[in-house]
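Look at the structure first, then read on.

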Amino acid sequence: MTTSRASIHGYWSSRVMFVFAAAGSAIGLGNVWKFPYMAGESGGGAFVVLYLICIALLGIPVMMSEVLLGRRGRSSPINTMHVLAREENRSTSWSLLGAMGILAGFMILSYYSVIAGWTLAYVVETVSGTFSGVSSEEVGEVFNQLVSDPWRLLFWHTLFIVLTMVVVIRGVRKGLEMAVRLLMPILFTLILVMVAYALVQGDFYAGLKFLFTPDFSKITPDVVLKAMGHAFFTLSVGMGAIMMYGSYLPDDASIGSTSLQVALADTVVAILAGLAIFPIVFANNLEPGQGPGLIFNTLPLAFGHMPGGMFFGFLFFTLLVFAAWTSAISLIEPAVAWLIERFSISRITSSVICGLVTWAVGLGTVFSFNHWNRIKLLDGTPLAGKSFFDLLDYLAANIMLPLGGILICVFAGWVMSEASSRDELRLKHSCVYGLWRLLARYVAPAGVILIFLHVLGIF
Ligand code: TRP
């Protein structure tokens, strides 16, 4: 019993293309930029263990639930939730879940684009030879100069938003598929090259030890929350991006195995990025907990000293731009698709509107690294001391995505009838279905709620 709904936005040309697109969405700055600096700030191994647990117990069930809902609803998250809630005779306020996701997408993309802009700037820095033979102080200086100049940040942020919207305007097959097909395999190979360099030239043992020896005394409620938030962020789940991509998935594809493949690829890339970066950090006595500048202050050192470093550096930052690009698309696609459905406007108009809104919100992040870097918002609250950028990231990744994740699981596990979810998942083995249902109904929602309560000091 498959539903007869159809996507008005098109379909992936095959199951494999969905895996590529979803992996393209999952693998991005989250793996190469955010994972290393979060692990660095939160004590290494302990963070990594928590993150892996969250991926397995929370991230994967949410991802499967998202694809399931998306494929059944075949439209933007807001309308998918509306249609599916009606089908189950439930309140159509479930569509608010889609709306919260769209908001989170805008929030994340607005700063994601600024960081992708740093990466673009580093492509140019590398080819112009800035890093040849540099010291770690000089590398730090290059980074500081970049982030303290709002005009340069603005230029690269604007360029990145334009690049993203160009692909979104072209639509599912001509835009999204083309972009991921070629780029993901090259990026993967290049990260392996970086790991090989770190193995030979860096302090590989120190890197390994940092990433894989958990020091449980480092685990605070905030570290737990960050690890959970990052698990959602890196898999792109909790806001409807994967739901949207699921709505373009052909009927005959298996949701279970595709989700596992995506999660596995994403995790492997994050760990490899860690193995490429930390050996260089320790070999050069750099600070692992230095925050968002980490990869920009470490990798150029490696490129500056390795044979062919200019070429590899150029290739690396270029591919990171592409990885960010294929992720950015998924952050905005749900909003673009919804505007098209809701107001019957063209894809171009919808993309331009969404691009402009994101660009404007991104100005806040641009300034939070220079003009506003002394302004810390919400003094006297638990969120004190955070800049505009920190605040957006904290709210979206650590609060909104996990909250969206719970609601997605509750809908797929409790609201949707067992017959419907069984029919849509079509898992070969009944026990795999049972496992998914157990995770989606109990483990994932309870896990997120317990972590929230823990942070609030209640548990
Ligand atoms: N997962 C991406 C990364 O790791 C970022 C991303 C893309 C994302 N789409 C998303 C995060 C949707 C949350 C929700 O870089």
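How do the residues of the lining of the largest cavity divide into nonpolar, polar and charged? There are 10 nonpolar, six polar and no charged residues. Ala, Val, Leu, Ile, Met, Phe, Trp, Tyr, Cys and Pro count as nonpolar, Asp, Glu, Lys and Arg as charged, and the others, Gly among them, as polar.

This is a predicted model, in which local features need pLDDT of at least 70, side-chain atom pairs count only at pLDDT 80 or more, and totals for chains, interfaces and linings use all residues. Residues are numbered from 1 along each chain as its sequence is written, and side-chain values use heavy atoms, with hydrogens and water left out.

**The spaces**

Rolling a probe the size of a water molecule over the atoms shows where empty space is left. The search uses a 1 Å grid over the protein atoms alone. A cavity is a set of points where a 1.4 Å probe fits but cannot get out. A pocket is an open set with protein on both sides within 12 Å along at least five of seven lines. Lining residues have an atom within 4 Å of a point. Points are joined across faces, edges and corners, and a volume is the space filled by probe spheres set on the points.

| Space | Volume | Lining residues |
|---|---|---|
| Largest pocket | about 440 Å³ | 22 residues |
| Second largest pocket | about 380 Å³ | 19 residues |
| Largest cavity | about 140 Å³ | 16 residues |

The count comes to four cavities of 30 Å³ or more.

Ser 25, Ile 108, Phe 233, Ser 236 and Leu 331 lie nearest the centre of the largest cavity. Helix α14 gives the largest share of its lining, three residues. Helices here are DSSP runs (H or I, at least four residues), numbered from the N terminus.

What takes up the space of the largest cavity? The ligand does. A molecule sits in a cavity if more than half of its atoms lie within 2 Å of the grid points.

Polar contacts are pairs of N or O atoms within 3.5 Å. A polar backbone atom of Gly 30 is 2.7 Å from a ligand oxygen atom. A backbone N or O atom of Leu 29 lies 3.2 Å from an oxygen atom of the ligand. Ser 236 places a polar side-chain atom 2.9 Å from a ligand nitrogen atom. Taken alone, the ligand exposes 360 Å², and the protein buries 100% of that (Shrake-Rupley method, 1.4 Å probe).

**The pockets**

In the largest pocket, Tyr 37, Glu 41, Pro 292, Phe 389 and Asp 390 lie nearest the centre. Helix α16 gives the most to this lining, with five residues. The lining has nine nonpolar, seven polar and six charged residues.

The second largest pocket has Met 64, Gly 256, Ser 257, Leu 427 and Val 432 nearest its centre. Its lining divides into 12 nonpolar, four polar and three charged residues.

Definitions and conventions
A polar contact is a pair of N or O atoms within 3.5 Å; within protein, one must be able to donate a hydrogen and the other to accept it, and residues adjacent in sequence count only if both atoms are side-chain atoms. Helices (H or I, at least four residues) and strands (E, at least two) are DSSP runs, numbered from the N terminus.
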